[in-house]
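Visitor: Please show me the sequence and the model. I will then ask about one feature at a time.

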Amino acid sequence: MHHRLLTFGPLLLAAGTALLLRVHGIGFGMPALLDPDEPWFVLKAFELLDQKTLNPNWFGHPASTIIYLLAGNHLFLFLTGWASGTYRDTAEFAASVFADPSIVWVPARVIFAVIGTSVVLLTYLVARRLVGTGAALVAAALVAVNALHVAWSQIIRTDIPSSLFMLITVLLALRYLQQQQERRRDLIVAGLC
């Protein structure tokens with residue numbers, strides 16, 4: 001029990017630091033001033049909703065996954081606004097987003113900040129299986145404060161979600177290899193990731 005508390009505290013500190021660093025100033029450069037990929041993903045997600053289709057007509061590096069995630073974000077924001085009476089219809093929502101793109105950009109960036117924080121936790125889990133708890137805590141702390149990782153976690157790009165999927169794959173493959181009993185479910189989920 002004492003060992004778990006000694007591990008949980010530093011891990012919680014690393015994750016909390018990671019999240020704070022990633023959400024700090026997350027509204028910079030609205031919209032997409034510093035990254036050319038952001039508007040493409042955001043507009044492609046609107047296109048899915050507008051055309052009522054699940055086909056983004058592009059399936060690269062998992063951009064289709066990001067497009068679906070953003071379409072879900074846009075839909076959630078519209079439905080929340082519609083239910084609260086903020087928007088009467090999709091046209092009013094679209095006009096509001098056109099006037100203030102941060103309506104969709106900031107929540108989407110927060111999602112990516114949370115994904116970036118999840119990468120910190122997954123780094124710990126993978127490293128713990130490979131090199132032990134102490135080194136895993138150091139690895140998580142290093143990813144938590146890595147300036148490049150923080151920067152990529154604050155914008156809508158494929159890099160951080162790709163890292164998430166890769167780490168889940170590695171973690172499940174390690175778990176499969178290190179367990180006495182065969183768990184095909186780990187391999188299936190790893191394959192999906």
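Visitor: Is Phe41 buried or exposed?

Guide: This is a predicted model, in which local features need pLDDT of at least 70, side-chain atom pairs count only at pLDDT 80 or more, and totals for chains, interfaces and linings use all residues. Residues are numbered from 1 along each chain as its sequence is written, and side-chain values use heavy atoms, with hydrogens and water left out. Relative accessible area sets the class: under 20% is buried, over 50% is exposed, and in between is partly exposed (1.4 Å probe, protein chains only). Phe41 has 3% relative accessibility, so the class is buried.

Visitor: Which kind of aromatic pair do Trp40 and Phe41 form?

Guide: Rings of Phe, Tyr and Trp (its six-membered ring) pair if their centres lie within 6.5 Å; planes under 30 degrees apart are stacked, over 60 edge-to-face, and the rest tilted. The structure holds four aromatic pairs. For Trp40 and Phe41 the centres are 5.3 Å apart and the planes are at 80 degrees, which makes the pair edge-to-face.

Visitor: What is the class of the pair of Phe46 and Phe93?

Guide: A pair of aromatic rings is described by the distance of the centres and the angle of the planes. Here the centres of Phe46 and Phe93 are 6.3 Å apart and the planes are at 50 degrees, so the pair is tilted.

Visitor: How many residues apart in sequence are the parts that this pair of Phe46 and Phe93 ties together?

Guide: Helices (H or I, at least four residues) and strands (E, at least two) are DSSP runs, numbered from the N terminus. Phe46 lies in helix 2 (residues 37-51) and Phe93 in helix 4 (residues 90-99), so the parts are apart in sequence by 47 residues.

Visitor: Which residue of this pair is buried?

Guide: Phe46 has 22% relative accessibility, so Phe46 counts as partly exposed. The residue with a relative accessible area of 5%, and therefore buried, is Phe93.

Visitor: Which residues do ring pairs link into a cluster?

Guide: The tilted pair of Phe46 and Phe93 has already come up. Ring pairs build a cluster from Phe46, Phe78, Tyr87 and Phe93.

Visitor: How far is the charged end of Arg109 from the centre of the ring of Phe28?

Guide: A charge sits over a ring if NZ of Lys or CZ of Arg is within 6 Å of the ring centre and within 35 degrees of the ring normal. The charged end of Arg109 sits over the ring of Phe28, and its distance from the centre is 4.4 Å.

Visitor: How are helix 2 and helix 5 placed to each other?

Guide: Axes are lines fitted to C-alpha atoms, for helices over the stretch in contact, and angles run from 0 to 180 degrees between N-to-C directions. Angles under 35 degrees are roughly parallel, over 145 roughly antiparallel, 65 to 115 roughly perpendicular, and the rest oblique. The axes of helix 2 and helix 5 (residues 102-131) come within 12 Å and cross at roughly 105 degrees. The two helices, helix 2 and helix 5, are therefore roughly perpendicular.

Visitor: Which residues does Asn73 touch, not counting residues up to four places away in sequence?

Guide: Asn73 lies in helix 3. Its relative accessible area is 7%, so Asn73 is buried. Beyond four places in sequence, Asn73 touches Val104, Pro107, Ala108 and Ile111.

Visitor: What is the phi of Lys52?

Guide: Most residues other than glycine have a negative phi. Lys52 lies in the loop between helix 2 and helix 3. It is not a glycine, yet the phi of Lys52 is positive, at about 50 degrees.

Visitor: How many helices does the chain have?

Guide: Read along the sequence, the pattern is α-α-α-α-α-α-α-α-α. There are zero strands, and the number of helices is nine.

Methods:
Contact = heavy atoms within 4.5 Å.
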